[in-house]
Amino acid sequence: MRFPPEAKLEFVGRLGGDWRELADLLGIPAAEQRQFTAEHPGKEGRGIWNWLEVREELERLPDALAKVRPDLVPLFTDPPPAPEEASVRWEGSPYPGLEWFRPCHAPIFFGRDREVDQLEAALRGEGRLVAVTGASGAGKSSLVAAGLIPRLEQESGPAGFRWIRFTPGGMGGGEEDRGADPFLAFAAALCGELKDRGLDPSEVREQLRSAQPLDGLLRPGKPPATGSAGFLVFIDQFEELFTAVAEVHRTPFVYLLRRLARAPGLRTVLTLRADFYPQCLAIPPLVELLRTCEFPLAPPDAVALMQMITRPAVEAGLCFEPDTLPGRILRDTGAEPGALALMAYALSVLHEDCRASGTRLTEVAYDAFGGVSGAIARKAEEAFAALGIEAQAALGAVFKELVDVDPERGIPTRKRAPRSRFAGSAAALELIDTFAKHRLLVGNEDGGHAAVVDVAHEALLVHWPRLRDWIAARFDDFRQLRQFRLEAAEWARLGGLESHRWPHERLFLMQGVLDRLDPELSELERDFLRPEAERLLAEIDRPETPHARRAWIGERLAVIGDPRPGIGLDENGLPEFCWLPVPPGEITLEGKGSRNQRRFKVAAFEISKYPVTWRQYAAFVEAADGFGNPGWWAGLARREDGPVMRRWDLPNHPAINVCWFDVVAFCRWLSQRSGREVRLPTEWEWQQAATSGNPTFSYPWGTNWDEARANTYLSNVNRTVAVGLYPQGASPVGAFDMSGNVAEWCLNKYGDPGRIEPGGEERRVVRGGAWGSHRDDVSTACRRHVRPAGRGGFLGFRVVTVTPDRK
């Protein structure tokens, strides 16, 4: 690449102390940088220039300077006319903004001379079809319309060159099409250009759909002149074939494209967004065409961008004040996807705001609207205001997928998201498409050729007040989401160890973040989010879990919230039980005296799955009409020392230190409050629930003793544990803790089991044994007795009910 001869001298003279940063950016080794200083002290830029020139890499210099010293980039562009030679050749704004350049804009279209030359060469070669592909906002339409077409007109002359432009989705089809008709759009464009022939669009449409030769339709009876470009068909925004055209027309239109490529005297240029390339690959004849005709358009480099900034101003007789302003605009624009369109809009705003100042484009005005980023904010608010109410409400749903944060720098950053993520929301797609139309969002193709959505410029995240405030209110949420994803990945890398999972407290906070952001989570991340309570409950299902661990799990569940039904209160604040049906049967009570060996028939009833917990019993103690209400104590000997001496009183642990009178009063209170009879079980009902009437069941789980199935003396815990921590010890009807943990009060008297009246001081039966009991004391047949006024750290209870149809 050759640069103006004076460029080297001025570059070396003006670079100064920035040479080292430039050298590092260009990848020049440190040893060679030291040599520059030794050979050219104070003029190290000469060493950089020579280093690039020897390697034939001078073309890298302008782009590198754009990041270090953008004010030096104009040295490598064609110099504008001298002031005395300059004249106003363009009236009005020389910056069309986000509008694409049309042929009439050719005098102010700069920075793409090389690409225009290459495109013209490709079109005049053997191929009659060229497909210009590039990212959204790369300037594809402008390259053809303001670069190629004026060039062909100039070289061929008006009489030797004609052209038409249309978009595939430009004309709607019939009701049966459910989409646009590209043949009708093509026909309408032809009839507009060839209006002297009086063509009818409907007839032309049918000719295009048929197999008739096209050259006669477009150039009847006259071959193109030598050197003429003939007739050019410009199909702009070819991606509309997939977004707007009825599916029934797509493949036939591709076959028409193939006929255009073979027609003598015709040339065809189409523009295609690169993110729609995967859809093209699904149509085999289109693949064949694109294989030989693709013209990829890269974003403009720093030299081209500087020409786009400065040369239109010269054509309009404008100047920048100060003359360093173009370099600042170049630096502010950067090289992000979509940057060309955003720079163009900022320039159009600058011109509009400076109209009153005559021919000067001032830095004061540029600062007033915030430069490139300020122009973005203005356009973003205009685009947002044009949305419907539902699409405006989708702002968060869209940008939560497109925003990430840099916690170290404390700034938001952009991220890409597949377009398919928004497929279920018409409002979100409306916002995306509207913002893409205004070049605020861009579509690209990912490595796997999937359509993705991206923010055109990160300035949108920090300089559009509406979005900036939305992000600020959720910045900590984004930070936590980022941290969560990093830790989930690390957890998986380390083998998914349970010890590396988050505890409930962190998961609880994270759930709030997820509720607000509603991000799409991977399967790994969903696994990492598994609630701690769920994990702990799964652990107690494993028979090998030791007693001490089970005790700890119960205490931990009490702290974080035990989610199991049947251990707490219902929505009315009353004890809630899981009622288990118990079948009818016949039970023989065992005992040392013959008078205790009696048989009892058992009617069907229901029993609570767990012993009554502290949380449930506390509802009675704390209720205004509960423990202190004398009505519940009729015929009972109420103790004068208060309701209870609380011990090991975690809410999911069994209520203990309750006497028989206490629990009868509890049952009376609950029966009245719930509207159903609730009482203590008789001991034959208790035994029926423990064995389901099977006399071989010495324990709720079967015949043989197993110390791992109950909290007893052998567990060495030496206290109560939360109810239900031994599912392997459940009875046949599903009742937990019927052996061990707490001994349970029964309704009847011990000496005369058939008597259940409430009064008197005769001892009452307790069953099941407790945490300090030996194996014989926790058997299903073992009968023990306690004075009805007795309390202790081993005494608890469970309740039964009889539904109306079982009475």
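## Strand pairing

Strands β13 (residues 579–582) and β16 (residues 605–608) pair in the antiparallel sense over four bridges; pairing requires at least two DSSP bridges between two strands. Helices (H or I, at least four residues) and strands (E, at least two) are DSSP runs, numbered from the N terminus. Within this pairing, W579 stands opposite S608 of β16.

## Basis of the model

The model is predicted: local features need pLDDT of at least 70, side-chain atom pairs count only at pLDDT 80 or more, and totals for chains, interfaces and linings use all residues. Residues are numbered from 1 along each chain as its sequence is written, and side-chain values use heavy atoms, with hydrogens and water left out.

## Aromatic pairs

The structure holds 34 aromatic pairs, defined by centres of Phe, Tyr or Trp rings (for Trp, the six-membered ring) within 6.5 Å, with planes under 30 degrees apart counted as stacked, over 60 as edge-to-face and the rest as tilted. F183 and F253 form an edge-to-face pair, with ring centres 5.6 Å apart and planes at 80°. Because F183 lies in helix α8 (residues 182–193) and F253 in helix α12 (residues 247–262), the pair ties together parts 70 residues apart in sequence. Both F183 and F253 are buried, that is, under 20% relative accessible area (1.4 Å probe, protein chains only).

## Charges over rings

R209 lies over the face of F183, at 4.7 Å from the ring centre. The charged end of R506 sits over the ring of W502, 3.9 Å from its centre. The criterion is NZ of Lys or CZ of Arg within 6 Å of the ring centre and within 35 degrees of the ring normal.

How values were computed: Buried < 20%, exposed > 50% of the residue type's maximum accessible area, 1.4 Å probe, protein only.
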